Amino acid sequence: MNQMTPPPKIEIIPPSAPFSEAQRSWLNGFFAGLLSADNAPPLSAEQGAAELRGISGDGDDREAPWHDQTMPLADRMKLAEGRPLRRRMMAAMAQQDCGQCGYNCNDYSDAIASKDEARLNLCVPGGKETARMLKALYEELEKAPASSQAPASTAPSVAAMSGRSRDNPVPATFVSRRLLNKPGSEKETWHIDFDLSDCGLDYVVGDSFGVFASNEAGLVDQIIALLGASHVTEVRGKTLREVLIADVSLSPAPDSLFELFSFITGGAQREKARALAQGEDPDGDAATLDVMAALQKFSGARPHPEAFVEALEPLQPRLYSISSSHNATPGKLSLTVDRVRYVVGKRKRLGLASTFLAERINPGDQMKVYVQKAHGFAMPSDPKVPIIMIGPGTGIAPFRAFLFDRKATGATGKNWLFFGHQRSAYDFFYSDELNAMKTSGLLTRLSLAWSRDGDKKFYVQDRMREVGRELWAWLADGAHLYVCGDAKRMAKDVERTLVDIVALHGARSIDQAVSFVAELKKSGRFQQDVY
Ligand SMILES: Cc1cc2nc3c(=O)[nH]c(=O)nc-3n(C[C@H](O)[C@H](O)[C@H](O)COP(=O)(O)OP(=O)(O)OC[C@H]3O[C@@H](n4cnc5c(N)ncnc54)[C@H](O)[C@@H]3O)c2cc1C
Ligand SMILES: NC(=O)c1ccc[n+]([C@@H]2O[C@H](COP(=O)([O-])OP(=O)(O)OC[C@H]3O[C@@H](n4cnc5c(N)ncnc54)[C@H](OP(=O)(O)O)[C@@H]3O)[C@@H](O)[C@H]2O)c1
């Protein structure tokens, strides 16, 4: 009989590290697995699905080194050079896996490459830059021989289910709004309540809510005046005013609108319009040109209403992290919405959906909505597992939901929330609820960071550093860690801080700490909902 040699016991965590024997043994096992040479990285759910559909039978290694929302498009495309077209399409996405397109970045690109998805303009964070790159890549796809194109997906589609995708929204009733900031704040963030009892939708914590808002009537009327048209001109079987309110985007002026201007103007105006249509910026104002500003810039153009509407993009829904728990309040749904308003030149610009929810919709009104299932943002299935939640600003939304869910289901795991905002006196959202949860013991720890209370900025990651030793102990105890809020700066800074904490308190080099955090992500113990 062959005697199997037992594997050598790997001792990576030194006995002097601040752990119990059980924790040290768990961590040694964890790293042994990580360092094992023949331990192939597990497939993600979407990679597994792609594998099943045969899409990745193109020799690609499935790695996505460009998958970083802070990396500029040109750098992402460089990293994807030489990869199959569907992978280069993925690199063109904004890498937030935000779900606004109805997919994650990988699945959206696979759907385009397999020609299941014809819309190239769905990546909201990528905006016009992504749409232009996708258009160029799609032209390559059209030229490629059919055999090299990805096969059509046979995966069952949720798109057909009522209220489960942007393609099949249902009406829900707006109940109320309540301002979360106190007078004197520089922010305006609203707690919004919906009633789902008529539409029958449900959700789990971590999911987002998609809403179809409409454009502000005042802006629409100004645009109609600039066109020199009548409100009741018929377009697409409706009045021009109805179409401009409900069907088309009036925010960033699309390339096709500048193309239209280039056809109906001449001379220098035509050259300018052509340049803008190609993504150039002849006057240094391209980033600020919404539809109305574009009409003002080409004020002599006066396109025909039908051609004008044709040149605009369809109005897209917006997603919001759900801040309530269906287990705690069945049939009800809450959001936490920061109102977007800013000024360019002399004109006030309004964020479409946030101002719709904050000021234009009235209690009792219905709006089209859907539930967007979270991709990899969910509470641990074991209710005993501790969770650490980091959510400054509106990033608190899903964590309010997590906490109410844990209360409703009697989950016994410890809960630690890091919340931060500008000023403690004005911007402590849900302070009564959170303090009550702390008193009851549901919220084990509440760590706060006020960025504008002192002379120097103080952020959630600064608070994390202060309590790094305890944070590391929670991680060593198996805690899952969640981040929600700003994608561009906060999420990256928090991740860097986490690496530093792991290195300092986990007795590791920075490289080892980076691998540790990467492994937390891979194993689903570090999840993000960032936008
Ligand atoms: C998964 C997910 C969850 C989200 N959860 C939440 C949430 O819980 N709460 C929340 O409030 N938001 C959340 N968002 C963001 C939300 O979807 C919208 O993007 C946000 O409300 C703005 O939408 P809007 O229609 O009001 O503005 P838009 O009409 O889309 O205008 C926003 C655009 O205006 C421009 N802009 C904004 N501010 C300025 C400025 N100061 N100067 C110049 N240009 C500017 C930018 O181009 C910006 O993209 C989430 C997003 C995602 C993807
Ligand atoms: N797509 C959109 O149009 C849209 C709509 C709404 C929100 N957002 C973005 O989503 C994010 C969330 O907005 P919000 O209203 O929830 O609040 P927020 O603007 O993110 O502010 C929340 C807190 O985070 C702080 N903060 C700023 N930079 C940080 C960093 N690098 N690390 C950690 N904390 C940081 C802020 O401090 P200071 O401000 O004092 O620096 C503030 O105290 C913002 O970036 C906002 O621009 C985008």
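Trainee: What makes the pairing of Gln461 with a nitrogen atom of ligand 2 a polar contact?

Mentor: Good place to start, and keep in mind that this is a predicted model. A polar side-chain atom of Gln461 sits 3.0 Å from a nitrogen atom of ligand 2. The cut-off for a pair of N or O atoms is 3.5 Å, so this pair counts as a polar contact.

Trainee: How do you know that Asp338 and Thr394 make polar contacts with ligand 2 as well?

Mentor: We use that cut-off again. From an N or O atom in the Asp338 side chain to an oxygen atom of ligand 2 is 3.3 Å. For Thr394 a backbone N or O atom is involved, 2.5 Å from an oxygen atom of the ligand. Both values are within 3.5 Å, so both pairs qualify. As for cover, ligand 2 taken alone exposes 870 Å², and the protein buries 75% of that.

Trainee: Which residues come nearest to ligand 2, and how is its shell made up by class?

Mentor: There are 18 residues around the ligand, with Thr394, Ser451, Arg452, Lys457 and Tyr459 coming nearest. By class, the shell has 7 charged, 6 polar and 5 nonpolar residues.

Trainee: Why is the space around Cys98 and Gly99 called a cavity?

Mentor: Because a 1.4 Å probe fits there but cannot get out. The structure holds 1 cavity of 30 Å³ or more, and the largest cavity has about 90 Å³ of space. Its lining has 16 residues, and Cys98, Gly99, Cys101, Cys105 and Cys123 lie nearest the centre.

Trainee: What classes do those lining residues fall into?

Mentor: The lining of the largest cavity divides into 11 nonpolar, 4 polar and 1 charged.

Terms used:
Residues numbered from 1 in each chain as written. Chains lettered and ligands numbered in written order. Predicted model: local features only at pLDDT ≥ 70, side-chain atom pairs only at ≥ 80, totals over all residues. Heavy atoms only, no water. Near = heavy atom within 4 Å. Polar contact = N/O pair within 3.5 Å; in protein donor to acceptor, adjacent residues only side chain to side chain. Areas by Shrake-Rupley, 256 points an atom, 1.4 Å probe, with all protein chains shown as cover. Nonpolar A, V, L, I, M, F, W, Y, C, P; charged D, E, K, R; others polar. 1 Å grid on protein atoms, 1.4 Å probe; cavity = no way out; pocket = protein on both sides within 12 Å on 5 of 7 lines; lining within 4 Å. Points joined across faces, edges and corners; volume = space filled by probe spheres on them.
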